[in-house]
Each structure stands twice: as C-alpha cells, then as structure tokens.
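Keep the structure open beside you as you read.

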Amino acid sequence: MRSFFKIFLASFLAVFVFCLIALFFFMGMVGSAVSSAIPVIAEKSVLKIDLGEAYVELPSNDVQSMIKEKSLSETPSLYDVIRLIKKAETDSRIRAIYLVANGNVNGFASSDEIRTALTDFKKSGKEIIAFGNTMSQKAYSVANVANKIYVSPSGDFEWVGYRVNYLFLKGALDKLQINPQIFYAGKFKSATEPLRAEKMTEANQLQTSVWLNDLYADLLQKTAVARKLDTATLHQWANEGAIITPQVAWERKLIDGLRYDDELQSEIKQQLKIDTADKINFVTINDYAQANRNLEGSGDKIALIYAAGSIVDGKEAEGVISDGAYVELLRQVRLDPGIKAIVVRVNSGGGSALASDHIWREMKLAKAAKPLMVSFGDVAASGGYYMSCAADSIFALPGTLTGSIGVFGIIPDMSAFLKNKLGVTFDGVSTGPLANAGSIDHPMTEQERKIVQGSIERIYDQFKQRVAEGRKKDTAYIETIAQGRVWTGLRAKEIGLIDAYGGLQDAVNAAAKKAGLKEFAIKEYPRYGNLLERILGFNKSNNSEVMVKQELGIEYAKAYQQLKSIKQMTNSVQARLPFEFFIQ
C-alpha cells in the first residue's frame, strides 16, 4: 500500500508540474503572439474606419469573434475611436482618413460623436474620403462631413427620410389567452404598449413624431451646411423620392462623384504621391488602437465608469447595470483617495426602479465627495435618467434619447393559457385574501390592483422628487416634462433635463476642470479582464449574446433581446424606455 501511494503521489506531482509548465508555455505563446501582433504604422498611411462596425462603450474582445476573424486585435470602444481620431490629427504617419460608409450600425448620438471628431480632424488640414458601394442615410449622416464622398456607379444611395417601427405583441398574447395585467404612471409611458395595444396610442405617436423629426431635422441641417444646400430642398427630395441613383445624388451635389474601387485607390495614390504600382498603407482603426494602447494620459486620476445595458437587481456581471455591482464600484472610486473626479457614461433605456434608486443613492454620495459628471450616450432614459439625475452636470448630444420619467409594472395572468392550452389548473388554501397576490394563477382582484397601482404611483412620485432635487426644480414643473415622455437631447437642454451639449470627452474635461486638474489620467471601469483571462476562462463574458448577434445580425438580435426582456419586466416595478424600436 505504501508503494502504491508513492507511485500515486509521484504521478500526481508529475501531472501537476506538466500542467503548470504547459500553462506558462501557453501564456508565453499568447503573450508572444499578442506582442508580435502589434502593427507598425508606416509613413503615408491612411486610417480606415468602417461605420458598419459597432463601436460600443467598452472595448469588444470576446474570444469567439477573434477566432472567427483570425485576429488578436479587439474592436476599440467608442471613446477609443474618438481619442484615436484625435491622435491621428498630429500623427505625421497618418495622411488621411478613409471612411467606409455602406451602412452605419452605431446609434445617432454615437454617430454624432464620431462625426464631431472627424470634423476636428479636418481642421488639421488632412483629408477625409468617404466611400460606399451602397450608402445608407445613417452612414451618410457621418460621411457628409468628408472632403470627398464617392459611391459605386452601380451602387445605391438612400435619401427617403426616417421611419420608426415598434413590434406589438398584444395579438399574440390574446391568441395565447395571456392577460399581461399592466400598471403604469405617466400618459406617455409607452413601454407596455406592445403588450396592451395593437398599434401606437395617440400620446406615443405624438412623442415619437417629435423626437424622430428632431433626429431628421439634425440630418437635414448638417447635410445642408456640409454640402451647401438648403434644408427645404433636401426635405423635398426625400418626400418626392428624387434621389433614386448615385448618379442623381452626384448631379444634385449630395456626393462628389461615382467611383469604382480601383479608381478610388488611384485617386488616393495621387494624393499621397506614391507610385501606381505600390499598395496603399491602409491602417484599420482596430490596428491603430493596437499600436496606440496607452490613451489614458498621465497625472491625477479620473474614474470613468461605463454603465451600459438594462438596469437589473442583483450582482450580474457583463452586459447589464446591476445595482450590486455598480453600487460597489461607485463606492470604491468614491473612497479611493487617488481618484480626484468621477465621470459616468450612461447608455441605458432603464430597467428595475429599485436598482435605479440604489445606484442613484450611491451617485448622490459620490457627488458629495468628488466632482461627478454624467455623459449620456445614444439612450439615457427612464432608469438611465433616474440613476444620473444627482450629478453635478449632465452632458448629452442632440441625438440622445432621454427623459421617459415614469414607471410601470406587469403581473401576468396565465390561468386561461395554462388551463385551456396545457390543461394545467391550480388550487390551494390561504390564510387571507392577499396571501396569493401577484401569482400568475389567477386574475387580480380589485383590491390587488389598487395595491399595485398605489405602489406604482408612489415610486413615480419618488422618481419625480429625485429629479426635482437633482435638477433644482420643483416637482410641479417636473410633472409637466415627465409623464413618461421621451425627449431628444436637443429638447432636454431647453427643458432643463441636461446641462450642456457634448460628448464623453466634454464631460471628462468638465470633471477635470471642476477638480482643478491640468493633467489627468483616465482609469476606466468596470474591468472585465484581458484577452488571456478570457481564453483561460477567468472572466465571464456574455458569450450567448455574442453568438446571437453573430447568427442573427445586430437588428434581429435586438428583436430577440426585446422578447427576452419580457421576463425581466414581470412582477417588479420598472423604469424603462418603450420596447426596442427600429429606425429606418
């Protein structure tokens, strides 16, 4: 027996040592590969930015995408893209920017931040060339800032105006005999409309028409200035369907010409003064990010916290704003003496009212301790606005969707569905009439409905009080701009929901100024781990969402997430935007 244990322990030790050596070998291989993958930026390079790529709030480095693309480079975050464009202004190796403008999957505010950075880049004297085989309106909304805009002669150019579509599920619920039992506060609070109506209510049509036309007016205005045209003519062309081909777009001066790829490359070579037989040194924004990894700066630290996704209870990890994780994170930077100011970047349509209040509380404490600025992304509404309203200042872009100060709750009655479709029934004994309240096995009684509606009204009043306190307004005024109504950033400044127009960099600069910092370093949170940690499984990334996006595409993945969110919205009070909408 003794010899057996000796052999067993010796074998176990050998296997352990082998695994340890293999692990360090693997880490070395990965580290070597990452190091060797750092691109070298040659002279006379052209920075290539593809608007068809989603530049989200946090850098995307999911392993599956890297394997699929056979590349160790990660997609830079939106803020990284902004900083990289700024860096390219003074980088002598970068001679121009090539904008791939077929489609644009980025939101309206994100697109505006990119466009603003490109406008500043032009001031350096370097050129921007935009090209698309087919150019969508949303791509054109950024591309129109370019010095030259080209479309393939056999391609397509879109100029028809904007439309928003909502997905309604009431008909499906009726067929399934499911009664959602909806409670809400605010006549514009349309988040539950897809479950209780078959089309938009008049209130929702009004608010949607206003904010959609704000976005459209912004497109017309910026195009008019960039292309030296007038907005009335641009609007008329869209209504008449006058721009039906790239040829017509060129004739009417919306673009600068028609080019095939080889013709475009020849033109770029002439501008760069390189031989026709030489290749153009195109540097993707991903590779440029790899070559410029240190964008944080130096000096005293400013904490930059990204809050993107639905607001949920608990302590979930990546992809959501969980109150457990974000309260802890805000507390950490508040108590860190090395952090001199805090910036929170919010990109959320809201979620749990309880979680929103917990995060609001910690934001209020953070503001009392240090300068606290909030930057709104594409969407910062309902719970996203709730958690933010305690900040020193709020920055947003005209295309940001915000407001939606209102709450709702859903307690579904599944009894008819379960009985008639599945043959399932319920029975039991209770000690009182409210012991089974909130259960899916029966229609709610009038007493139960009054209790739930009362809770909704109390949370709505609390929401308005939070906003009134943070924005230094009285609650009576807040009621006039609340009611669940969605506003664009353009109107939000006029009614006092935000303090200034600006992107994330403007919020960072304001935080530095309030803290008295001349030089500063950005420390970004949350930290989800580097590439090696993800490969080894030390980090939990949301691989299911990545797979859905890869299989369905970004737009259809949004519809999937919309259906999935129904579960999150039941049996809890929600401060959330309307169901996912699709702008065409």
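## From surface to core

L422 is part of helix 16, which covers residues 415-422. This is a predicted model, and in it L422 counts as exposed because its relative accessibility is 53%, where the cut-off for exposed is over 50%.

Let us step back to the whole protein. It contains 23 helices and 22 strands. Of its 584 residues, 48% count as buried. The protein exposes about 27,600 Å², and carbon and sulfur atoms supply 55% of that area. Take the contacts between residues at least 6 apart in sequence: 74% of them join residues at least 24 apart.

The largest nonpolar core has 62 residues, and L118, M135, F157 and W159 have the most contacts inside it. Helix 8 (residues 202-227) gives this core its largest share, 7 residues. Another core lies apart from it, with 52 residues that include Y326, A380, I405 and I498. Who surrounds L118, once its neighbours within four places in sequence are left aside? The contacts of L118 are then I85, I97, L99, I128, V142 and V145.

Helix 8 also holds N204. Is N204 buried or exposed? N204 is buried, because its relative accessible area is 2%, while the cut-off for buried is under 20%. Leaving aside neighbours within four places in sequence, N204 is in contact with Y166, S190 and E193.

| Helix | Residues | Buried residues |
|---|---|---|
| Helix 3 | 78-90 | L78, Y79, D80, V81, I82, R83, L84, I85, A88 and E89 |
| Helix 20 | 504-515 | L504, A507, V508, A510, A511 and A512 |

Helix 3 is largely enclosed by the rest of the structure, because 10 of its 13 residues are buried. One of these buried residues is I85, and I85 is also among the contacts of L118.

Just after helix 20 comes G516, with a positive phi of about 75°.

Notes
Residues are numbered from 1 along each chain as its sequence is written. This is a predicted model: local features need pLDDT of at least 70, side-chain atom pairs count only at pLDDT 80 or more; totals for chains, interfaces and linings use all residues. Side-chain values use heavy atoms; hydrogens and water are left out. A nonpolar core is a set of buried Ala, Val, Leu, Ile, Met, Phe, Trp, Tyr and Cys residues joined through side-chain atoms within 4.5 Å. Buried means under 20% relative accessible area, exposed over 50%, partly exposed in between (1.4 Å probe, protein chains only). Helices (H or I, at least four residues) and strands (E, at least two) are DSSP runs, numbered from the N terminus. Contact means heavy atoms within 4.5 Å. The expected span of a helix is 1.5 Å times one less than its number of residues. Accessible areas come from the Shrake-Rupley method with a 1.4 Å probe; for residues, only the protein chains shown count as cover.
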